Number of protein chains: 4
Amino acid sequence: MEDVAGVAADQLRSIVERVERLEEEKQAIAEDIKEVYAEAKANGFDTKTLRKVISLRKVEANERQEQEAILDLYMQALGMVPPSA
Amino acid sequence: MEDVAGVAADQLRSIVERVERLEEEKQAIAEDIKEVYAEAKANGFDTKTLRKVISLRKVEANERQEQEAILDLYMQALGMVPPSA
Amino acid sequence: MEDVAGVAADQLRSIVERVERLEEEKQAIAEDIKEVYAEAKANGFDTKTLRKVISLRKVEANERQEQEAILDLYMQALGMVPPSA
Amino acid sequence: MEDVAGVAADQLRSIVERVERLEEEKQAIAEDIKEVYAEAKANGFDTKTLRKVISLRKVEANERQEQEAILDLYMQALGMVPPSA
DNA sequence: CACTGGAAAATGCCGC
DNA sequence: GCGGCATTTTCCAGTG
């Protein structure tokens with residue numbers, strides 16, 4: 001018989017490590033972002049406004065994406081192929 | 001001069017792009033994490049418990065940090081320097 | 001009927017008042033806490049360290065809770081029921 | 001000699017206990033507020049909008065207060081007494 | 001698909 | 001007055 005519990009334990013350890021590793025990376029990037037804002041502030045930019053601008057751009061990007069998705073849908077319905085991806 | 005309405009447009013663009021790039025990376029990592037959980041689930045692990053385990057480990061690490069921080073404070077109060085960093 | 005623009009005005013007023021009342025109480029307590037710290041400072045205590053001590057105690061309590069929560073999860077996973085509450 | 005360290009320890013304990021007690025009360029009130037929102041939600045109100053309304057009222061209250069403060073200032077400058085408080 | 005719980009963002013506060 | 005930190009609020013993903 002295989003060492004079932006041992007295998008599960010190994011898997012578990014692997015999962016936990018992978019997640020923790022990824023979360024560390026994510027955290028590191030979050031800190032990079034904070035640094036960018038700090039630098040921007042040091043250069044006289046208002047971070048609150050900056051955040052709002054970036055947030056707005058994200059919303060617009062989402063909307064654009066949705067519109068493209070709808071467009072693709074229509075094109076598929078018409079038997080047309082989408083431009084690229 | 002490249003200023004538009006009194007702000008350095010180039011700088012602004014650079015900041016926005018850097019933040020957006022970093023946020024994309026962050027998002028990509030978040031998706032990687034989701035994949036790990038999905039795979040774990042497919043292998044029979046209970047994701048809720050997994051998340052709790054990882055959360056607990058984080059809390060424990062956090063407590064260790066807090067203890068160190070307070071130790072440093074005590075040492076400062078006693079006029080001792082904390083050991084290097 | 002007391003509805004204005006489709007909403008129950010009386011109910012709305014009641015909700016808003018209750019929340020605002022509670023927020024006032026909360027704020028009052030926050031000020032009490034500040035007073036305690038101010039008094040402590042006046043008696044020669046270092047507030048930063050005090051805050052850290054209290055914070056650490058909170059983290060410890062929190063970890064205990066997390067451990068109990070995960071224990072419950074394990075017991076559930078093993079088909080055992082947690083001991084009442 | 002008085003038991004200096006002992007006295008300080010007593011004071012410290014007292015401070016910590018008072019703060020923790022107050023924070024518990026604050027937390028209890030926070031939970032009451034959540035309950036009010038939950039109840040409101042159960043009655044069909046949109047909590048996000050409710051929060052916004054209450055937030056707006058708070059801002060307006062602040063503004064009113066500031067205006068009154070200015071008014072008091074002017075009245076003092078003119079040798080007039082403020083109405084009550 | 002609504003709800004709960006946890007992560008992220010925003011705000012306010014304290015100390016320097 | 002500002003920078004960092006803690007709290008609070010908001011948002012979003014996961015769950016049932």
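Predicted model: local features only at pLDDT ≥ 70, side-chain atom pairs only at ≥ 80, totals over all residues.
Close-up 1. A polar side-chain atom of B:Lys52 is placed 3.5 Å from a phosphate oxygen of DNA strand E. A polar contact is a pair of N or O atoms within 3.5 Å.

**Close-up 2. Protein surface near DNA strand E.** Residues near the strand (a heavy atom within 4 Å of it) include A:Lys26, A:Arg51, B:Lys58, C:Lys34, C:Thr47 and C:Arg51. By class, this surface has no nonpolar, 1 polar and 9 charged residues (Asp, Glu, Lys and Arg count as charged; Ala, Val, Leu, Ile, Met, Phe, Trp, Tyr, Cys and Pro as nonpolar; the others, Gly among them, as polar). Of the atoms of DNA strand E within 4 Å of the protein, 100% belong to sugar and phosphate.

**Close-up 3. Contact of helix H2 (residues 47-77) of chain A with helix H1 (residues 9-42) of chain B.** The two axes (lines fitted to C-alpha atoms over the stretch in contact) come within 11 Å and cross at roughly 60°. Contacting residues (heavy atoms within 4.5 Å) include A:Leu50 and A:Ile54 of H2(A) and B:Leu12 and B:Val16 of H1(B). The contact comprises 6 nonpolar, no polar and 4 charged residues.

**Notes.** Residues are numbered from 1 along each chain as its sequence is written, and chains are lettered from A and ligands numbered from 1 in the order in which they are written. Local features need pLDDT of at least 70 and side-chain atom pairs pLDDT 80 or more, while totals for chains, interfaces and linings use all residues; side-chain values use heavy atoms, without hydrogens and water.

Notes
Axes fitted to C-alpha atoms, helices over the stretch in contact; angles between N-to-C directions. Helix = DSSP H or I, 4+ residues; strand = E, 2+ residues; numbered from the N terminus. Polar contact = N/O pair within 3.5 Å; in protein donor to acceptor, adjacent residues only side chain to side chain.
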